[in-house]
Amino acid sequence: MTVNVNIHEAKTHLSRLLEQVAAGERVVISKAGTPVADLVPHQAATVTFGGLKGEVAYSDQAFGLDPDIQRMFYGLDPDRAAGSSDVIGSDGDAAS
């Protein structure tokens, strides 16, 4: 069964309307005779963790250091030896 109410009545009798919804009735709230909302029972959505297990693939390389980012943060060329003097200065030029 469907119950039609206006906004004022819905505000005034919300508790009663929610009890009717819990009992299985459908409540339509209207503004100037035009339906704007439906009160329906809540349906909890189930959440499944690991639902994509085995369907998503990635390479461990995705978690490695990117040479460009390494250079931006540290100014070092990661392909060169650790003792190299190739440091990018604050003016953007390589210092030696």
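Is Ser 30 buried or exposed? Ser 30 is buried, at 11% relative accessible area; buried means under 20%, exposed over 50%, and partly exposed in between, with a 1.4 Å probe and protein chains only. This is a predicted model, in which local features need pLDDT of at least 70 and side-chain atom pairs count only at pLDDT 80 or more, while totals for chains, interfaces and linings use all residues. Residues are numbered from 1 along each chain as its sequence is written, and side-chain values use heavy atoms, with hydrogens and water left out.

**Overall layout**

- The protein has three helices and five strands; helices (H or I, at least four residues) and strands (E, at least two) are DSSP runs, numbered from the N terminus.
- Their order from the N terminus is β-α-α-β-β-α-β-β.
- Of the 96 residues in the protein, 14% are buried.
- Among contacts with a separation of 6 or more, 17% join residues 24 or more positions apart; contact means heavy atoms within 4.5 Å.
- The protein exposes about 8,300 Å², with 55% supplied by carbon and sulfur atoms; areas come from the Shrake-Rupley method with a 1.4 Å probe, and for residues only the protein chains shown count as cover.

**Nonpolar core**

- The largest nonpolar core holds eight residues: Val 3, Val 5, Ala 10, Leu 17, Val 21, Val 27, Ile 29 and Leu 39.
- Strand 1 (2-6), helix 2 (14-22) and strand 2 (26-31) each give two or more residues to this core.
- Such a core is a set of buried Ala, Val, Leu, Ile, Met, Phe, Trp, Tyr and Cys residues joined through side-chain atoms within 4.5 Å.
- Beyond four places in sequence, Val 5 touches Ala 10, Leu 17, Val 27, Val 28, Ile 29 and Ser 30.
- Ser 30 lies in strand 2. Beyond four places in sequence, Ser 30 touches Val 5, Asn 6, Ile 7, Pro 35 and Val 36.

**Helix 2**

- Leu 17, Gln 20 and Val 21 are the buried residues here. They cover an arc of only 100° around the axis, which puts them on the same side of helix 2; the arc is that of the directions from the helix axis to the C-beta atoms.
- Exposed Ser 15, Glu 19 and Ala 22 sit on the face turned away from that buried side.
- Cover for the buried residues includes strand 1, helix 1 (7-12), strand 2 and strand 3.
- Gly 24 follows helix 2 and has a positive phi, near 110°.

**Salt bridges**

- The whole structure has three salt bridges, each a side-chain nitrogen of Lys or Arg within 4 Å of a carboxyl oxygen of Asp or Glu.
- Arg 26 pairs with Asp 38, with the closest N and O atoms 2.8 Å apart. Arg 26 is in strand 2 and Asp 38 in strand 3, so the pair ties together parts twelve residues apart in sequence.
- Glu 9 pairs with Arg 16, with the closest N and O atoms 3.6 Å apart. Glu 9 is partly exposed at 29%, as is Arg 16 at 36%.
- Asp 68 pairs with Arg 71, with the closest N and O atoms 3.0 Å apart. Both lie in helix 3, three residues apart, about one turn of the helix.

**Surface points**

- Ile 69, Met 72, Phe 73 and Tyr 74 make a nonpolar patch of about 530 Å². Patches take residues with over 30% relative accessible area and no salt bridge, joining like charges within 9 Å and nonpolar side chains (Val, Leu, Ile, Met, Phe, Trp, Tyr) within 5 Å.
- Phe 73 belongs to helix 3 (residues 67-74) and is exposed at 66% relative accessibility.
- Ala 32 has a positive phi of about 55° although it is not a glycine. Most residues other than glycine have a negative phi.
- Ala 32 lies in the loop between strand 2 and strand 3 (34-39) and is exposed at 81% relative accessibility.
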